Structures are given as C-alpha cells and as structure tokens.
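Please open the model in a viewer and follow the selections below in order.

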Number of protein chains: 2
Amino acid sequence: MSQFWSESVHQLEPYVPGEQPKVTNLIKLNTNENPYPPSAKAIAAIQAANADSLRLYPDPNSDALKQSIANYYALETKQVFVGNGSDEVLAHTFQALLKHDAPLLFPDITYSFYPVYCGLYDIHYKTIALTDTFAININDYQQPNGGIIFPNPNAPTGVGLDLKDIETLIQNNASSVVVIDEAYIDFGGESAVALVNQFPNLLVCQTLSKSRSLAGLRVGFAVGHPDLIAGLERVKNSFNSYPIDRLAEQGAIAAMADQTYFDATCHKIITSRDFLTQQLKQLGFKVLPSQANFVFTQHPTHDAEKISAYLRSQAIIVRHFKQERIAQYLRITIGRHDECVLLVQALKEYLKGS
Amino acid sequence: MSQFWSESVHQLEPYVPGEQPKVTNLIKLNTNENPYPPSAKAIAAIQAANADSLRLYPDPNSDALKQSIANYYALETKQVFVGNGSDEVLAHTFQALLKHDAPLLFPDITYSFYPVYCGLYDIHYKTIALTDTFAININDYQQPNGGIIFPNPNAPTGVGLDLKDIETLIQNNASSVVVIDEAYIDFGGESAVALVNQFPNLLVCQTLSKSRSLAGLRVGFAVGHPDLIAGLERVKNSFNSYPIDRLAEQGAIAAMADQTYFDATCHKIITSRDFLTQQLKQLGFKVLPSQANFVFTQHPTHDAEKISAYLRSQAIIVRHFKQERIAQYLRITIGRHDECVLLVQALKEYLKGS
C-alpha cells in the first residue's frame, strides 16, 4: 500500500500465473504449454529477420500478421485484431467491449483472469454456475447482461461446448457482445470463427501460445465484426502503438502458415491425451472429457493437493487450484508421450505407497 | 461507433504514431529511431536464444532483465519495472500512480500520448504552458496536483531541464508522484535516476528504443521506490502476466551490458546533432538547443508544412505537428552523417528554389 497509488490499485487482486520454474529437468505439466517446439519455419523466419531493422519501430498495425490470420480463416484484415499474447487481447476486450451497465456473465469455474480484468476496469460481473458435470448450460445465460465471455473448451475443465449451443447463445443475446475465448480450440473443439461473418456481436479470441508452441513469443488475436475490431483498435492505440515486436510478427506469420506441422503436433497431443485419460482411469481417477491440451482429474480417495506435492517431489509439476468446487481436482498439461508415461508411473507409486 | 463499445471508447482520441512507411530507400527522420543498428551483442544474444524454449512462457517477472537494469544503475531489482516499450510502462504508470482527485500536470507542448492515456483512464489533467523559449519553469508547477509528468529532455522540443530544477520540483511536490520520462536522456541530459534513492515520489522511465537501437524489440523500464514499482506490478499483473517475450528479454539484457557500443553510438549522434544544428542555422533556421536525438527547428520565412512536403518529395521524411505554438516547427531525427548531409542539401535546394 502506498499513498502514491491510484485509488483503484489498492483493491486489485492481480492474476497469479502458474509457476515458471528457473530450474530445468522438471517435467512441466502446469501451464498448458505445448511439449513440442515451434514450427522450424517459425524459427527460421525469426532467424532470417533483418537484425539491423530492430532499430526501427515495428508496423504499428501489424498488417502482415493480420493478413496471415485473415488468410488462414478466409476473413478480411479489418476483422482481425492482434496483441501481445491473448491476455493483452482479452484485457483490451474487457475495456473496449465488456463494460456496460448490466453485468458481464461468465462461469463460476473458468479462466481466473476474468475477474481480475473486471477489477482492473471496474466492470460489474456475475458468475454463472457450471452444471454438476462442469458443463455450460446456455439457458442459464438467459438474463439481462452487458456481455458474456467463456473459454471454449472451458479452462481449467477442458470441457467443450457444441457450436450449435454457441450459435443459439449468440442469437439469444443479440444486443450483447459474446466473447468465445478459444485458447485451446485446436485440440478438438469446434471453432466459432465459422460464425463471425454471421453475427456482429461475436468476438473469438485465439492464441499462438498453445497449439502453435509460441508461448515465449507473445502473440494472440481476436476475430469478429469490423466494428468490434475498431473498438479494440481504439483502446490499443490509446495504450501502446506497437505491442507486437518485429521478431514476434515474423515468427507468428510463419507459424500460421505451417499447416502440416500444426496438424501433426495437435494430432500427437490428442493421441497422448487419449492415452493419459485411459491410464488415469485405470488408476481410479475420474477424468472430465477434455477437448484441450490438458486433463482435469480427481481421485475419489486421494487428496489433490497431496498428490500434487508428491509429484513435485518427483520433479513433475501440475496445477492445483485452491478454489471451491475444484479443490480436489488437478489440471495436468498433456506432455510428450514419455512424459505422460513417467507421470503415470509416479502416480502408480504414490497410490501404491499411500 | 458501435452499440457494442464500452461507453468510454466513444470518447477516446487514440494516439497517432509517426508514419512507419512500408517502402525502403527513404531517409527516415520522423520517429526518432537510432540510425545505427543494435549492439552486435544484442543480436547475438537473440540468435543464441534457445529456439525450442519459445514453446514455454517467458519469466513473468523478467527477473534477469530487471537485474541487468538494476546492475546498470546500481539499484535493487525491486526498484525496477519493465514493460513492452516505454509506452506500455507509461500506460501502467498513468493507471497505477497518476489518477487522483487533483489534476495531473504536464506541459502544453509535450509527448502527445499523455492526454491520450488520461482519456483512456479518465484522469483529470491540466496543461502548463512552456515558457516563450519552450522551457519548463518549475515554479509554474507550484499548485495543487495529483501528479506531474514530463519528458526530460522534453519532446518534441529537445529542450532539457537541469537536474537541480528537477530535484527542487520533487521536493516541492512531496505528496505527488513526479514522473520523469527519459526516453531521450542518453543524448546529453542529466538523468534523474541519480535521485531515486532519495525521493519516494520519483519515478523515472526509460526505453531501449532510442539510445539502444531496439525500437523494433519493444522494451522499456521504470525505476523508483519499491512502493511505486509495487503499484505498477499490481496493474501489470492484472493486465498481462508476460509482456516481455523471451527474445526481447535476451536482446535487452545484452544491449544494457554493451557499454562500449552504447557510448560510441550516442557520441556519434551527438556529433551529428551539432553538425546538423550548425548547418541549419547557416540556412537561416532557428534551432532549439537539443539534448535529444532530434532537433526542433523553424525557418523564419518558410512554412514548416511546405518544407516537410518538399522533403517528402525528395524521399526524406521528418515530423510536423499541426498543433498550436509549434505548427511552424519541424522535428527532425538525427540520422547518420550522410543522411544529415543529404537533408541539408535538400533544404538548400528548397530555399534556393522558393
């Protein structure tokens, strides 16, 4: 606390990201990073970027990157917004599109940055309980609101919502912005990008951090009606003219273009997720059906925090949230196959010994 | 305009950065970039960064970068804040430290992003006129305020303020935060970093975009009392956990460490500034005394906008602001010596022909 802080700062409860340990030789299954490296073409594009040109500002509009995303989804560039990771895209989205008199709605169990953004921008919000099976029931969102946001598939549950339900939700809330946060969509969900040309109130956010293995480069984007994008641009251009650096732009463009590597990587992760799910179930774990690059799992007779601590002692880190309804769950990122095998072995040891 | 925008978005007047042309072969003297490439050590550090590691998030706290800046200025890391360019650092500063009941004070002629930030965060502000010689008179800031900010040297004038005056200003405003925006300090000004251990209400912002030739990499920082830094961290961690990507962090650390190259580059720019100033004066221009990597200049009988348009026709771009008091001035970035020579030749042609 300090007399010099703006008043609103005293009330903030900042987001706490998963641990980024500074030691190596850990099996890191706690922050949903991709276990495979970025596309070699992305690395080559970064290496090929003109080092001398780093003395110059980047393109403030990142037009080339927007074009590559527009091409990927057969959209126009004015339907594309880019930012320094999807967290920055989401921050601008909350400020630009989700602050209204009626409350913003999002699930009680969801990405825990959402209430933080609401605190930062003084946005009135209301959480809607997931069902007993951790599903989103779109009927629960049939109430006055100033916007709706949730991840699909949801985090940290991994549970997906059908595109048909999303379409109904958007239609039922035609005077609010509906934001679908698709950080994990490429691992088996149905993307709502297919709907952006139909609905002026739909914004879809994605990231290159997960399915394109570029968490370290910080690039995210949103697609939607040009009017929504224009609102985001107004806020972005009142905050930081140049959020995407020259190397990030080149790497991101090359990553978007390498469909073969992207497909192969996503396929490997889905295969490992199926393997891990089956193995966990054999050990007695309950595993929620996941469309993401992680599973959300609970053992009926073993405490989640204790399992997490044991895994940590075995140099395996997973994510545990001390939060109502999910305190007995672990969120485990899908690693390489050999990492999944080591995780299962460690869990077997733990269950045998306790 | 859109019904979906948050109310505040309708009123925003976003910042307009200088043109970043997509054609080459221009002499680009319009956005105060460094004419010399980044340190070869910075480039080597980026090239040496583990490409595979880009799949992992960066360190959310950028501890290694903070340590390198702390080392550079003999401070502690808790006195250092880093961001995606000093524009992001400034944005967080406005939100975290400069929103109070009393108005924020800054000069009438200054960095034109300041009123934009005030619009973004709904901060009440009051501008204080520079003197007739475009100087800051610290006595004019002796009035109730919720904070004071200005660049030193000021932009777009290049005029510096003595450290003694800055110290007096900080002492006279002990209950407000005083932010000194030192984007251009390395080209001849006296840095207020020397005062941060003395005054808990002083924040100094700097950037690697200018003197360290890394505008394209997006790294800026602030140093000050740990309580001020803690306020900035609260806002940053409520906005984006990972603003500095892995490559930017490595490049910035190496650039901070290469004192020899930094000294040589700054020296060359100062020498060219002296040369250009003298040449402009010989052509009849009035040139404000500059401590920056640009000069602010006016011709007594030739219209600034017309000169700018002529230079553009000769493939030289400089910056002209359509703003009261300075509409007859041009801001010209200091280029390489050969670029300064070509600029002077073009101006000679123009003055001869008109």
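**Domains of chain A**

Begin by colouring chain A by domain: domain 1 comprises 7-37 + 260-353 and domain 2 comprises 40-258, with bounds that come from an automatic or database domain assignment. This is a predicted model, in which local features need pLDDT of at least 70, side-chain atom pairs count only at pLDDT 80 or more, and totals for chains, interfaces and linings use all residues. Residues are numbered from 1 along each chain as its sequence is written, while chains are lettered from A and ligands numbered from 1 in the order in which they are written.

The centres of domain 1 and domain 2 of chain A, taken over C-alpha atoms, are 24 Å apart. Select the contact next: 32 residues of domain 1 of chain A and 26 residues of domain 2 of chain A take part (contact: C-beta atoms, placed from the backbone, within 7 Å).

On the side of domain 1 of chain A that touches domain 2 of chain A, two or more residues each come from helix 1 (7-11), helix 9 (259-282) and strand 10 (294-298) of chain A. Helices (H or I, at least four residues) and strands (E, at least two) are DSSP runs, numbered from the N terminus. Helix 9 of chain A gives the most to this side, with 7 residues.

**A helix pair in chain B**

Now select helix 4 (residues 85-97) and helix 5 (residues 114-121) of chain B. Helix 4 of chain B and helix 5 of chain B pack at an angle of about 50°, with their axes 10 Å apart (axes are lines fitted to C-alpha atoms, for helices over the stretch in contact, and angles run from 0 to 180 degrees between N-to-C directions). Show B:Leu90, B:Ala91, B:Phe94 and B:Gln95 of helix 4 of chain B, which meet B:Tyr117, B:Cys118 and B:Tyr121 of helix 5 of chain B.

Notes:
Contact = placed C-beta atoms within 7 Å.
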